[in-house]
Amino acid sequence: MIKHLVFLLLSTFSLSINAQVKIDVVGDNWEQVVHNALTLIKETDSTTYKFVTSNCNHIGFWNGNYSTTEGKSIFLTTTEVRNGNINNIACAIVHESKHIELSNRNLSESQEECICYFYELEFILKMKNIDLFLIDNIQVNLNKYNCENYLK
């Protein structure tokens with residue numbers, strides 16, 4: 001009887017931990033792709049994972065050109081998810097979770113993007129298998145938003 005109770009408690013506890021971020025169930029295995037990206041974030045840096053789960057309570061999908069946020073929700077592009085690159089999706093989630101944190105501050109678009117791209121870069125540099133195109137993308141955007149101005 002005690003074994004069953006302990007099992008039930010542990011099962012409930014693990015469900016509540018994994019249920020922090022709700023993921024829309026759409027597409028071909030998209031929910032699993034996002035779960036894999038969240039697992040990658042957790043395995044790469046538990047502090048970043050805690051940051052993501054404390055700022056984001058929902059991940060959905062949309063047909064836009066770039067990932068975005070609304071309230072405490074992250075919306076990944078359908079193109080990113082169809083591509084299936086877990087590293088890219090993890091980086092998008094990390095980047096967008098920073099936007100959620102910054103949403104109530106009075107920052108210019110370039111200031112906010114710079115902070116988010118620096119935060120994403122910090123995460124990427126902790127990854128075991130870095131995709132160079134992700135670093136290239138950050139470099140392009142750091143230049144686009146003149147982020148060197150914020151390093152002074």
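# A hairpin, a sheet and a pocket

Let me start at a turn. β3 and β4 form a hairpin with two residues between the strands, and there Gly71 has a positive phi near 60 degrees. Keep in mind that this is a predicted model. Every value I give is computed from it.

Now step back to the whole chain. It has 152 residues, and 41% of them count as buried. Seven helices and four strands make up its elements. Reading from the N terminus, the order is α-β-α-α-β-β-β-α-α-α-α. What about contacts along the chain? Take those between residues at least 6 apart in sequence: 57% of them join residues at least 24 apart.

Next, the sheet. In what order do its strands lie? The order is β1-β2-β4-β3, in an open sheet of four strands with mixed pairing. At the edges are β1, residues 22-23, and β3, and each of these pairs on one side only. Helix α5 packs on the sheet and touches β2, β3 and β4. The direction of α5 makes about 145 degrees with that of β4.

A quick reminder before we walk across. Strands of a sheet pair through backbone hydrogen bonds, and the pairing can be parallel or antiparallel.

Begin at β1. Two bridges join β1 to β2, and these strands run parallel. Find Ile23: its bridge partner in β2 is Ile59. Find Lys22 too: it stands opposite His58 in β2.

Move on to β2, residues 58-62. Five bridges link β2 to β4, again running parallel. Ile59 turns up here as well, opposite Ile74 in β4. Phe61 stands opposite Leu76 in β4. Is β2 enclosed or open? Four of its five residues are buried, so β2 is largely enclosed by the rest of the structure.

Glu70 stands opposite Ser73 in β4.

Look at β4 itself, residues 73-77. How many of its five residues are buried? Five of the five are, and the strand is mostly covered. Here is a rule to remember. In a regular strand, side chains alternate between the two faces of the sheet. Now check β4 on your screen. Ser73, Phe75 and Thr77 point one way, while Ile74 and Leu76 point the other way. Residues on both sides are buried.

The largest pocket holds about 460 Å³ of space. It is lined by 22 residues, and the closest to its centre are Tyr66, Ser67, His95, Glu96 and Tyr117. Which elements supply at least two residues of the lining each? They are β3 (68-70), α5 (86-102), α6 (109-124) and α7 (132-144). The largest share comes from α5, with six residues. What classes of residue are in the lining? Seven are nonpolar, 10 are polar and five are charged.

Last topic: backbone angles. Most residues other than glycine have a negative phi. We began with a glycine, Gly71, at a positive phi. Two other residues deserve a look.

One is Asn29. Its phi is positive, about 70 degrees, although Asn29 is not a glycine. Where is it? Asn29 sits in the loop between β1 and α2 (30-44). Is Asn29 buried or exposed? Its relative accessibility is 51%, and the cut-off for exposed is over 50%, so Asn29 counts as exposed.

The other is Asn146. This residue is not a glycine either, and its phi is positive, near 50 degrees. Asn146 lies in the segment after α7. Its relative accessible area is 38%, so Asn146 is partly exposed.

β4 has five of its five residues buried. Thanks, that's my part.

Methods
Residues numbered from 1 in each chain as written. Predicted model: local features only at pLDDT ≥ 70, side-chain atom pairs only at ≥ 80, totals over all residues. Heavy atoms only, no water. 1 Å grid on protein atoms, 1.4 Å probe; cavity = no way out; pocket = protein on both sides within 12 Å on 5 of 7 lines; lining within 4 Å. Points joined across faces, edges and corners; volume = space filled by probe spheres on them. Nonpolar A, V, L, I, M, F, W, Y, C, P; charged D, E, K, R; others polar. Pairing = 2+ DSSP bridges. Contact = heavy atoms within 4.5 Å. Axes fitted to C-alpha atoms, helices over the stretch in contact; angles between N-to-C directions. Buried < 20%, exposed > 50% of the residue type's maximum accessible area, 1.4 Å probe, protein only.
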